[in-house]
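Visitor: Please walk me through this model, and tell me what each label rests on.

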Amino acid sequence: MASSLLHPHDDYAPFDVAVIGGGIVGLHVALGLIKRGIPVTIYEQAHELKEIGAGMGFTSNVVDCMDAIDPNVAESLDNVAIRSGSTVRWIDGLAREDLSSRPKERLFDVELCLDEKVITRTTHRGQFLNELIKLLPPDQIKLGKRLDTIVQSGENEKLLLKFSDGTTAKADTVIGCDGIKSRVRRLVLDEDDPAAVPHYAHETAYRCLVDMDKALPAVGDLCKGMVMYMGQGAHLMAYPVDDFKSLNVAAFIHDDGEWPEDEKHTISGSKEDIQKAYSNFGPTVRSLVALVPDELNRWAMFDTFDHPLPTYAYGRITLAGDAAHGSTPHFGAGAGMGVEDALVLSSVLQQAATKMRTHRVAVSKARFLSAAFEAYDAVRRERSQWLVRSSRRQGQKVKGLDPEIGKDFDKFKEDTGAFMEQFFYYEFRAMLQQATDEFERRVSGWI
């Protein structure tokens, strides 16, 4: 049963795992494997672990997945997170009035009231990463390891990982958690396959933190929760982090052109760029934009929308998080999808380890590991690629660029609410049961 997958076995697994990438998703995968007695090493190309960006959020169902991965993970999030209620709110950022002076009963133009059990935890990425690192044994992460290639010698041989610094490592299996520009994804696909690389979503973002003592005079009580300001050709999201000491601001701007860089997804930007993009917004949003730093980065939004992967399973190699299904951030669900991936991966690999110990048959490790990854792919690909599509469209809707929605707030609410239902009320235990059944079906002929 799936419930049995939530409890670790005492014996160590008869295989070891290399996780490529030490970000939020990579750490969740590794901590889930450690909890289940599966030897794992993280290889991270950076020389120190740090998260780019500012704020991030997780809904209650994702926190439940964290708890199933390892209760210490969910506890670590609570150590650095702010809890917000079950209502999601949008405001017409083009409104010419001072939004902070609106009466409470008409403060928001669109509100979606979710079940009271749905609580969003918002946090600073770096703070949460630091909490997760505390849970990881220091000898299980290797820094400064930029993956060059993976050599597969034979079914009964370990995979050989070669790094750009000239060093090598071996592992029975590899999980690529190395983000939107995943090296692992490029290695498992043909060089000329367009799915090997992400593609520009025709949108850029500016992210920063604004001191709360400066934000309060500009937008008043709107600082106290998550608010999205809709517009035309651009939109802005803001919510408190760092125990209400800062306001996380993310400004998103549509771009009809192509991204000017082949490799860099981030280039220098300026306050002037943002102010120009929001010049047609109302006074409240313009006041908030006036508080951003004079110099900041301009982030290109890339995703896997145009060329989704046909599978996440490539023999003993698989992909998770943005490496598998990179998404624009318009539902704030990309990291949450990666957490769901981590739970399924740690569970099916535990199941594989149990089968391999219990049934000592003449079947290679490679076949068991491949079956585990195929089961993971079977339950994760449809849902995660649905998020990629939904997020790309949501980015159009909040910028007034979706022809079906336009500026019709009733249609916007109905359409967005349909997504919220599927995301916020997802039952992960059913997902684990499906993964269990998929794995059993694949190995039933061997044992």
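**Labels and the values behind them**

Guide: The protein holds 13 helices and 20 strands. The model is predicted: local features need pLDDT of at least 70, side-chain atom pairs count only at pLDDT 80 or more, and totals for chains, interfaces and linings use all residues. Residues are numbered from 1 along each chain as its sequence is written, and side-chain values use heavy atoms, with hydrogens and water left out.

Visitor: What makes a run a helix or a strand?

Guide: Both are DSSP runs, numbered from the N terminus: a helix is H or I with at least four residues, a strand is E with at least two.

Visitor: How many residues are buried, as a percentage?

Guide: Of the 447 residues, 56% are buried. Buried means under 20% relative accessible area, exposed means over 50%, and partly exposed lies in between (1.4 Å probe, protein chains only).

Visitor: How far apart are the mean positions of the positive and negative charges?

Guide: They are 2 Å apart, for 52 positive and 66 negative charges. Lys and Arg count as positive, Asp and Glu as negative; His and the chain ends are not counted. Each charge is placed at NZ of Lys, CZ of Arg, CG of Asp or CD of Glu.

Visitor: Which domains is the protein divided into?

Guide: Domain 1 covers 17-88 + 118-198 + 307-401 + 433-443, and domain 2 covers 200-303. The bounds come from an automatic or database domain assignment. The C-alpha centres of the two domains lie 28 Å apart.

Visitor: How many residues of each domain are in contact with the other?

Guide: 26 residues of domain 1 are in contact with 29 of domain 2. Contact means heavy atoms within 4.5 Å. In the whole protein, residues 24 or more positions apart account for 77% of the contacts with a separation of 6 or more.

Visitor: Now helix 10. Is Asp341 buried or exposed?

Guide: Asp341 sits in helix 10. Its relative accessible area is 0%, so Asp341 is buried. Beyond residues up to four places away in sequence, Asp341 touches Ala320, Gly321, His325, Tyr376 and Arg380.

Visitor: And what about Ser347?

Guide: Ser347 also has a place in helix 10. At 0% relative accessible area, Ser347 is therefore buried. Ser347 and Ala435 are 88 residues apart in sequence, with C-alpha atoms 8.5 Å apart.

Visitor: Why is Ala353 called buried?

Guide: Because its relative accessible area is 3%. Helix 10, residues 334-358, contains Ala353. Leaving out residues up to four places away in sequence, Ala353 touches Ala13, Pro14 and Phe15. Ala353 and Arg389 are 36 residues apart in sequence and 35 Å apart, C-alpha to C-alpha.

Visitor: Which residues does Val289 contact?

Guide: Apart from neighbours within four places in sequence, Val289 contacts Leu236, Lys271, Ile274, Gln275 and Tyr278. The C-alpha atoms of Val289 and Tyr278 are 7.8 Å apart, at 11 residues along the chain. Val289 lies in helix 8, residues 283-289. A relative accessible area of 2% is why Val289 is called buried.

Visitor: What makes Lys170 exposed?

Guide: Its relative accessible area is 57%, so Lys170 counts as exposed. Lys170 is in strand 11, residues 168-171. Not counting residues up to four places away in sequence, Lys170 touches Asp16, Lys158, Leu159 and Leu160.

Visitor: What is the phi of His202?

Guide: Phi of His202 is near 60 degrees, a positive value in a residue other than glycine. His202 lies in strand 13, residues 199-211. At 23% relative accessibility, His202 therefore counts as partly exposed.

Visitor: Where is Phe244?

Guide: Phe244 is in the loop between strand 15 (234-241) and strand 16 (246-254). Phi of Phe244 is near 65 degrees, again positive in a residue other than glycine. With a relative accessible area of 39%, Phe244 is therefore partly exposed.
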